[in-house]
Every structure is written in structure tokens, then in C-alpha cells.
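Please look over the sequence and the 3D view before reading on.

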Amino acid sequence: MIMNTKYKEIIAHIRSLYPGRESIPLHEPVFAGNEKKYLLDCIDSTYVSSVGKYVDKFESMIRDYTGAGYAVATVNGTAALHIALKLAGVKAGDLVITQPLTYIATCNAIAYCGAEPVFTDIAEKSLGMSAEKLEQWLQENTVLEQTSDPDLPFRRIEKTSHRPVSACVPMHTFGHPCEIDRIAEICKTSNIALVEDSAESLGSTYKGKHTGNYGLMGVFSFNGNKTITTGGGGMIITGDESLARLAKHLTTQARTPHGWKIEHDQIGHNYRMPNLNAALGCAQIERIGDLIRSKRELAGNYAEFFRGLDIPFVTEPADSQSNYWLNSILLDNEQERDAFLQLCHDNGVLARPCWALMHNLPMFRHCLKSGLTMAESIEARLVNIPSGARL
Ligand SMILES: Cc1ncc(COP(=O)(O)O)c(C=O)c1O
């Protein structure tokens with residue numbers, strides 16, 4: 001009964017933040033800049049597809065904004081992850097460490113490489129991969145093995161299955177940076193490639209460095225629900241010029257450059273971002289400062305409000321600046337979570353629980369995992385509340 005009164009108060013507060021709305025989505029795009037102008041320019045030029053100036057422009061804007069050396073645009077974030085893992089050397093039969101609390105795309109991209117995820121637990125503060133749990137799993141379950149391959153003299157092997165652990169994919173959950181410097185250090189000393197799933201964290205920094213820049217490659221998504229959108233789209237960032245060149249090659253059907261001949265030198269992918277989508281992206285990133293300012297101001301409002309109600313609100317972890325892509329609260333248990341969600345939906349507030357944990361899904365149930373008590377506890381209690389910028 002007490003909770004019910006609190007829940008009604010929360011819903012009233014959320015509705016007051018988005019006045020005049022019948023139903024309040026979790027996140028929606030804001031098109032208040034040059035979107036129509038650039039899209040029209042694109043249509044007038046007839047370059048709407050795989051060639052055009054906006055793809056190059058959007059890549060260079062993302063590069064400048066994130067401080068990355070190189071940026072390669074893709075058709076979506078899942079494709080970007082797939083190519084990043086492939087270039088990180090992930091092969092069929094390998095194991096790739098990730099977290100159980102993530103969006104399905106992280107694990108699907110691992111599976112597209114013929115590899116299998118291994119799940120280690122998340123940290124309470126960031127909701128992303130716990131550096132401590134990662135290190136513990138590696139110490140207890142893997143060894144370094146010498147190989148006869150001069151390009152890869154040592155590789156990390158899982159002891160019981162004898163399968164190579166070739167990469168680690170931490171995810172910056174809801175935009176909050178995970179303990180990425182410690183994770184990068186662990187991966188380096190363990191001979192494991194680090195690919196950051198930064199799909200949700202454009203605009204989020206850790207110790208002053210933009211997320212996505214800590215490993216071999218980082219990946220962003222510009223799906224319609226993200227901080228900025230291209231309709232559908234993704235990006236790989238890296239500091240390695242040869243990896244960037246290969247990423248461009250693989251995402252453009254591995255076509256060999258030539259004025260007019262059409263030849264391909266390996267099996268590639270049709271993963272390039274169309275010019276139309278990039279045009280939208282250019283207009284969107286011009287406004288990213290305002291969007292993130294508005295989202296952080298909203299998070300500040302929520303933090304103060306939930307402190308008054310004594311309900312935990314997830315704030316940015318130490319040493320980080322979050323884009324607060326999705327705001328979250330933690331309720332007492334699953335029953336409370338579901339009761340609150342039902343009331344929200346009955347009142348036009350489209351809050352939602354987090355994703356079902358990956359290790360509980362039929363495709364990944366058999367995969368290796370460590371104790372996942374933090375992820376289980378968070379999944380049962382977390383609710384994402386409306387987080388769209390108010391501009
Ligand atoms: C954590 C995470 N990884 C990957 C993706 C995949 O991005 P996309 O939807 O652009 O393929 C998303 C978002 O959708 C995501 O949230």
C-alpha cells in the first residue's frame with residue numbers, strides 16, 4: 001500500500017516532466033536541427049545509397065567527437081560488432097567473454113563468428129562488466145599456451161574445453177561506463193583482444209577518455225532509440241589505421257579499389273551505411289551537446305526526486321561522465337518491479353524492465369559462466385524510466 005502511493009507519486013512526477021503527452025515513451029529521437037535540410041540535399045543529389053559525401057562527413061564527425069583515430073560507418077551496431085570481432089581474430093569454436101546483462105546483439109555478433117559467449121558478472125555501481133569477476137574467472141579457468149603460429153605465439157585457453165578465449169566484450173550499460181581501464185589492463189596481460197560494446201554510450205567518458213577508445217575497437221549504435229540516431233546505423237572506432245582500412249573493406253563487400261572494374265578479394269559483407277542515414281547522423285551529432293545536457297539535467301532531477309522517496313536511482317560511476325542514455329531505478333524485488341511496471345503502463349508511462357539475462361536464453365543456456373548473482377539481482381529489480389531529451 002505504501003509502495004503503491006509511492007508508485008503513483010513517481011508516475012505523476014514523470015508525467016510532470018513530459019507535460020501534454022498522452023503516452024510517454026522510454027526514449028524518442030529529437031529532430032530539431034538540420035535533419036530535413038541534409039536529407040533533402042541527399043535526395044536532390046540522387047546519392048541516397050552506398051556512395052555520397054555524408055558517410056565520410058559523419059565518420060569524421062564521430063572521429064572528432066570521440067577522439068578516435070579512425071571511424072568506419074556501418075548499417076547498424078550489430079554489424080559493427082560482428083566485423084570488429086572478426087578483425088579481433090575471433091574464429092569458429094572460440095570463446096568470447098561478455099556480461100549476461102546486455103542487449104542480444106552482443107551475443108548474436110559473437111555467434112555470427114561461430115564463437116560462444118562466456119558470461120562473467122557485472123559490477124553493482126556501473127551495471128557493466130566487473131573487472132574483479134573477469135580477472136577471477138580468467139585466473140581460475142584459463143591458462144596461457146604457446147602456439148606454433150609466429151603471428152600469435154601465445155593464446156589464452158579455457159582449461160576444461162581447451163578452447164581459445166580470443167576476445168572480451170564489455171558493455172557500457174545504459175550509457176554508464178564500466179571499469180574499462182582495469183578491464184583493458186586485464187585483457188592486455190591475458191592476451192585477449194578487447195572490443196568495447198559502446199552501442200549505448202556515445203557521449204560517455206571514463207577518466208576523461210571517450211568510451212570505445214580503450215580496446216582494439218569500439219562500436220556504436222545509432223538505432224532510433226539511441227542518444228543520436230541515423231534511423232539505423234552503427235560505427236566502428238579504432239586507433240589502428242590498418243584495422244580501420246580492413247573494416248571498411250569487409251563492410252563494403254571486400255571490393256578491390258578500381259576506377260571501373262568490379263572485383264572482390266574475399267568474402268565481405270554488405271554492411272555499409274547508406275548516405276541517407278549518414279545525412280541524418282550529421283544533423284543529429286551537430287546537436288549532441290544539447291541532447292546530452294538535457295539528458296543529464298533530467299537525470300539530476302530524477303536523482304533528487306528518488307532520494308526523497310528513498311528509492312535507489314542509478315547514477316554515473318566514479319571517474320566517469322555518463323550520457324544517461326536510459327535512467328534506471330531499483331525496486332525491492334520482482335513482484336514490486338512488475339506491479340510498478342503495470343501501473344506505469346496503465347497510466348501511459350512506457351517504462352520497462354531490463355533485458356532477460358543472456359545466460360537464461362535458450363541459445364546461450366549451455367554456455368560457460370561464473371556466479372552471476374549481481375546480474376540476477378539487478379534483473380529482478382531494475383526498471384528503466386522515460387529518458388528522452390526534453391528540448
Ligand atoms: C548493448 C548493445 N549492443 C549492440 C546493439 C546493436 O545495435 P543495433 O540495434 O544498431 O544493431 C545495441 C542496440 O540496439 C545495444 O544496446
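The buried residues of helix α7 pack against α6 (131-141), β6 (165-169), β7 (193-197) and β8 (205-206). The model is predicted, so local features need pLDDT of at least 70 and side-chain atom pairs count only at pLDDT 80 or more, while totals for chains, interfaces and linings use all residues. Residues are numbered from 1 along each chain as its sequence is written, and side-chain values use heavy atoms, with hydrogens and water left out.

**Helix α7**

Helix α7 covers residues 180-189, and its buried residues are Ile180, Ile183, Ala184, Ile186 and Cys187. Seen down the axis of α7, these residues fall within an arc of 165 degrees, so they line one face of the helix. The arc is that of the directions from the helix axis to the C-beta atoms. The exposed residues Lys188 and Thr189 sit on the face turned away from the buried side of α7. Buried means under 20% relative accessible area, exposed means over 50%, and partly exposed lies in between (1.4 Å probe, protein chains only). Helices (H or I, at least four residues) and strands (E, at least two) are DSSP runs, numbered from the N terminus. Just after α7, Asn191 takes a positive phi of about 60 degrees.

**Domains**

The chain is divided into domain 1 (2-28 + 288-385) and domain 2 (35-286); the bounds come from an automatic or database domain assignment. The contact takes 40 residues from domain 1 and 45 residues from domain 2, where contact means heavy atoms within 4.5 Å. Taken over C-alpha atoms, the centres of domain 1 and domain 2 are 26 Å apart.

**Cavities**

How many cavities of 30 Å³ or more does a search of the whole structure find? The search finds 2. A cavity is a set of points on a 1 Å grid over the protein atoms alone where a 1.4 Å probe fits but cannot get out, and lining residues have an atom within 4 Å of a point. Grid points are joined across faces, edges and corners, and a volume is the space filled by probe spheres set on the points.

| Cavity | Volume | Lining by class |
|---|---|---|
| Largest cavity | about 40 Å³ | 4 nonpolar, 3 polar and 2 charged residues |
| Second largest cavity | about 30 Å³ | 4 nonpolar, 2 polar and 3 charged residues |

Here Ala, Val, Leu, Ile, Met, Phe, Trp, Tyr, Cys and Pro count as nonpolar, Asp, Glu, Lys and Arg as charged, and the others, Gly among them, as polar. The lining of the largest cavity includes Ser221, Lys226, Thr227 and Trp325. Lys226 and Thr227 also belong to the lining of the second largest cavity, which includes His27, Pro29 and Ala389.

**Single residues**

Thr46 is found in the loop between α2 (35-45) and α3 (53-66). Thr46 has a positive phi of about 70 degrees although it is not a glycine, and with a relative accessible area of 61% it is exposed. His162 lies in the loop between β5 (154-158) and β6. Phi of His162 is positive, near 60 degrees, and His162 is partly exposed at 47% relative accessible area.

Lys209 is in strand β9 (residues 209-210). Is Lys209 buried or partly exposed? At 37% relative accessibility, Lys209 counts as partly exposed. Leaving aside neighbours within four places in sequence, Lys209 is in contact with Ser204 and Tyr214. Lys209 and Leu350 are 141 residues apart in sequence and 33 Å apart in space, C-alpha to C-alpha.

Methods:
1 Å grid on protein atoms, 1.4 Å probe; cavity = no way out; pocket = protein on both sides within 12 Å on 5 of 7 lines; lining within 4 Å.
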